[in-house]
Amino acid sequence: MKILVGIKRVIDYNVRIRVKSDGSGVETDGVKMSINPFDEIALEEALRIREAGNADEVIVVSLGGNECQQQLRTGLAMGADRAIQVDSAESLQPLTIARAFLKLVEKEQAGLVMLGKQAIDGDNSQTAQMLAALWGRPQATFASAVELSGNKAMVTREVDAGLERIEVDLPAVISVDLRLNEPRFVKLPDIMKAKRKPLEVIPVEDLGVAPENDLQFTSHTPPPVREKGIMVEDAAQLVAELKTRGLL
Amino acid sequence: MSETANEREVMEYDIIIVGAGPAGLACAIRLKQLKPDMMVAVIEKGAEVGAHILSGAVIEPGALDELLPGWLDNPPPVCIPVADDEIAFLTATSKRKIPTPPQQRNHGNFIVSLGALCAWMAPQAEDLGVDIFPGYAAAGIRYTDDGAVGGVIIGDMGVNREGQPKDTYMQGIEIHAPLTVLAEGSRGHLSKELITKYKLDQDSDPQAYGVGIKELWQVAPGKCKPGTVQHSIGWPLDTSTYGGSFIYHMDKDRIAVGFVCALDYSDPEFSPFEAFQQFKHHPSVKPLFEGGEILSGGARTIVEGGAQSLPKIEMPGALLIGDAAGLLNLPKIKGTHQAIRSGTLAANHVVETGGGRGFDTTLRESPIFKELHKVRNIRPGFNKGLWRGLITAGIETITAGKLPRTLHNHADHSSLIKLQDMQTIERPWVERDLAPRDRLASVYFATTDHDEDQPIHLQILDPEVCTTRCGEEYNYPCTRFCPAEVYEMIDDPDTKAGKRLQINAANCVHCKTCDIKDPYQIINWVTPEGGAGPNYQNL
């Protein structure tokens with residue numbers, strides 16, 4: 001079985017996000033980029049499935065310009081067998097990404113697609129669900145545990161009410177949550193090995209997918225700055241201060 | 001590559017360089033320019049190249065012209081020609097411009113972000129075939145059977161606070177190479193080990209250091225004059241403390257502001273961080289930052305000792321270059337050109353002679369050392385205070401260092417005066433309202449990140465001293481000299497002293513001040529897990 005893993009190049013979780021002064025987007029100049037942490041967890045799980053003998057090949061996929069090859073190489077260094085960059089100069093929206101994934105799933109005859117539950121930049125949480133619908137296959141989202149047996153997957157999902165266990169038939173789409181696993185460190189010699197692993201570049205047009213722009217960004221605004229607080233002496237003053245501000 | 005149960009995996013290179021700063025990258029680039037088939041690797045503890053680099057920085061372009069001809073056709077992302085130069089003397093309320101000493105004339109120089117410059121050099125090195133490994137810390141030296149340096153040992157990953165392996169444990173590998181080049185910058189922890197082991201400093205003065213604290217600001221429109229370089233001496237430092245400020249106007253309404261304090265200050269109550277923040281509130285400075293916001297910030301020590309503190313820079317199997325050796329030219333307040341030139345020179349030497357032997361002589365006969373020799377008496381001249389320092393600086397500048405004398409440096413850790421012998425210095429600090437509020441708020445702008453569940457990388461060799469002698473003699477100076485508030489004394493009635501030292505290692509910005517300034521020399525800075533530490537942007 002082949003597993004396709006989607007990895008997105010995003011601003012590193014450590015970076016303080018700044019909105020550009022003209023509101024046209026988020027500042028990425030000189031900013032550290034890395035693999036979306038949820039996607040890294042998806043890749044780790046895919047590698048563990050392969051290491052347990054339940055898959056033959058793990059393929060990492062990213063959609064974007066040449067700069068995302070950096071993240072694909074990291075994925076290869078973690079242990080993926082090969083990489084596909086779907087080349088696109090413009091930033092793609094979830095529906096287009098799901099359509100592109102579907103083409104790759106058909107091309108590769110993948111038995112499982114593993115994705116992060118959301119990317120930490122757009123926070124959309126749409127691609128996995130859209131892909132499952134387009135593909136007509138089951139989806140198991142927000143996975144915190146995954147067990148494969150035969151052509152079925154037992155998935156524990158993190159839902160508002162607690163944990164939910166569902167069984168899905170393969171092929172399927174699984175989107176993963178934070179607690180599923182802790183990704184491995186990359187061994188230094190594996191970085192060298194990753195340089196020699198195959199990385200295929202496919203222009204998005206060659207997949208027969210036309211970028212759609214159903215969503216338009218109109219503006220970006222940073223959250224309001226927290227106002228300076230005051231120290232109150234006692235409960236009575238607290239109540240009084242709240243009242244003068246019309247909060248009580 | 002081999003792997004057995006007890007043996008570490010090994011990778012072999014012709015040359016391993018520790019540290020992807022300007023010196024290390026320049027060395028790697030030159031080696032591959034001269035000898036493309038040479039196997040060269042660079043190990044960098046920062047999560048990416050530039051993440052641990054902090055500098056002013058105004059640079060002289062000559063070294064880059066030599067290494068990368070035509071570099072200005074494809075310049076680094078931050079690169080603004082200096083348009084205007086100013087140096088001023090501050091009192092608490094006034095500012096007076098003073099004549100710019102010749103070393104500090106910056107016509108023809110460029111304001112850069114050294115972090116961005118290194119991130120710009122790294123892909124050029126990779127294009128030449130250099131293997132750069134950011135996120136991996138060289139934790140130890142690998143010695144050969146005959147006692148020479150034979151490479152480095154990469155730190156283990158996934159070790160918990162007690163030193164036990166976690167689920168993610170990964171043993172670090174060994175990198176073997178006939179020649180190891182230490183380019184760790186100021187107070188490199190491996191360089192420190194090697195200087196001691198091979199007694200490289202037995203014929204030189206102790207190294208002298210300063211700590212530089214810097215912030216990058218986005219200022220309100222109209223305040224930034226790109227290319228303007230401003231320096232000051234005087235307030236908020238008393239005349240016995242050496243140091244000063246820099247303000248560099250960059251592009252896009254960005255201004256770099258920083259303050260450097262020599263670490264041979266004598267007042268145990270002094271706080272370099274507070275001095276920097278006070279400087280920002282000087283009436284001539286504060287308006288620049290009002291209405292602005294901090295983009296990034298951090299701290300790093302610099303070497304100040306110059307020619308007489310330069311240790312021997314070669315040993316069996318290894319070389320020191322850049323600030324790991326101690327090549328910064330303090331009167332110029334510049335080290336980048338020296339770092340790049342020393343990396344280039346080391347590469348030339350290695351390719352010409354087939355190894356590192358003789359590099360100490362090569363460097364001492366080069367313009368790199370001549371430049372330091374000429375200004376050698378200026379920094380130690382300030383050991384007797386600001387006024388006598390300025391007079392010495394004037395004399396040494398006029399005579400171009402030709403007077404047959406060499407003033408000496410002393411060890412920074414020995415300069416604190418015990419509280420009982422100390423006359424209290426009044427520091428009438430103003431109430432501050434510019435960001436950051438305090439050191440914890442400041443660390444936020446360094447975006448420093450360490451996995452909390454790993455061994456504490458600030459080793460206290462004798463914790464007894466902290467709560468007993470140090471409290472009485474110096475009132476815990478570590479709680480003030482650290483710009484990132486790593487050291488805290490916590491009231492603890494269960495202990496004999498009623499206090500205990502808490503080390504907030506996750507705050508550390510890898511500046512090395514503690515390793516240098518601690519008066520008992522019982523703080524040993526070792527590298528945490530690779531990829532940990534600050535994530536500086538454009539510093």
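A residue counts as buried when its relative accessible area is under 20%. Phe382(B), at 8% relative accessibility, therefore falls in the buried class. The model is predicted, and the values below are computed from it.

Start with chain A. Chain A has 6 helices and 11 strands. Its C-alpha trace spans about 70 × 40 × 40 Å along the principal axes. Of the 248 residues in chain A, 46% are buried. Take the contacts in chain A between residues at least 6 apart in sequence: 70% of them join residues at least 24 apart.

Now the aromatic rings. A pair of aromatic rings is described by two quantities, the distance of the centres and the angle of the planes. Over all chains, the structure holds 10 aromatic pairs. One of them joins Trp71(B) and Phe110(B). Their centres are 5.7 Å apart, with 75 degrees between the planes. The cut-off for edge-to-face is over 60 degrees, so this pair is edge-to-face. Trp71(B) lies in the loop between α2 (62–67) and β5 (79–81) of chain B. Phe110(B) belongs to strand β8 (residues 110–112) of chain B. The pair therefore ties together parts that are 39 residues apart in sequence.

A second example is the pair of Tyr242(B) and Phe382(B). Here the centres are 4.5 Å apart and the planes make 45 degrees, a tilted arrangement. The pair links distant parts of the chain, 140 residues apart. Tyr242(B) sits in the loop between β17 (228–234) and β18 (243–249) of chain B. Phe382(B) sits in the loop between α11 (378–381) and α12 (386–398) of chain B. Tyr242(B) is buried, because its relative accessible area of 18% is under the 20% limit. Back to Trp71(B) and Phe110(B): with Trp120(B) they form one aromatic cluster.

Charges also meet rings in chain B. The charged end of Lys197(B) sits over the ring of Tyr143(B), 4.5 Å from the ring centre. Likewise, Lys517(B) places its charged end over the ring of Tyr265(B), 4.3 Å from the centre.

Next, the cavities. The structure holds 9 cavities of 30 Å³ or more. Which residues lie nearest its centre? They are Cys466(B), Cys470(B), Cys478(B), Asp518(B) and Ile523(B), from a lining of 16 residues. By class, the lining of this second largest cavity has 15 nonpolar, no polar and 1 charged residues. Asp is classed as charged, so Asp518(B) is the charged residue of the lining. Three elements of chain B each supply at least two lining residues: α14 (463–474), α15 (478–481) and β24 (487–491). The largest share, 3 residues, comes from α14(B).

Finish at one glycine. Gly227(B) lies in the loop between β16 (209–218) and β17 of chain B. Its relative accessible area is 0%, so Gly227(B) is buried. What does Gly227(B) touch, not counting residues up to four places away in sequence? The contacts are Ile80(B), Pro81(B), Val82(B), Ala83(B), Asp84(B), Ile111(B) and His249(B). Leu330(B) is 103 residues from Gly227(B) along the chain, and the C-alpha atoms of the two are separated by 21 Å.

How values were computed
Residues numbered from 1 in each chain as written. Chains lettered and ligands numbered in written order. Predicted model: local features only at pLDDT ≥ 70, side-chain atom pairs only at ≥ 80, totals over all residues. Heavy atoms only, no water. Phe/Tyr/Trp six-rings, centres within 6.5 Å; stacked < 30°, edge-to-face > 60°. Helix = DSSP H or I, 4+ residues; strand = E, 2+ residues; numbered from the N terminus. Buried < 20%, exposed > 50% of the residue type's maximum accessible area, 1.4 Å probe, protein only. Lys NZ or Arg CZ within 6 Å of the ring centre and 35° of its normal. 1 Å grid on protein atoms, 1.4 Å probe; cavity = no way out; pocket = protein on both sides within 12 Å on 5 of 7 lines; lining within 4 Å. Points joined across faces, edges and corners; volume = space filled by probe spheres on them. Contact = heavy atoms within 4.5 Å.
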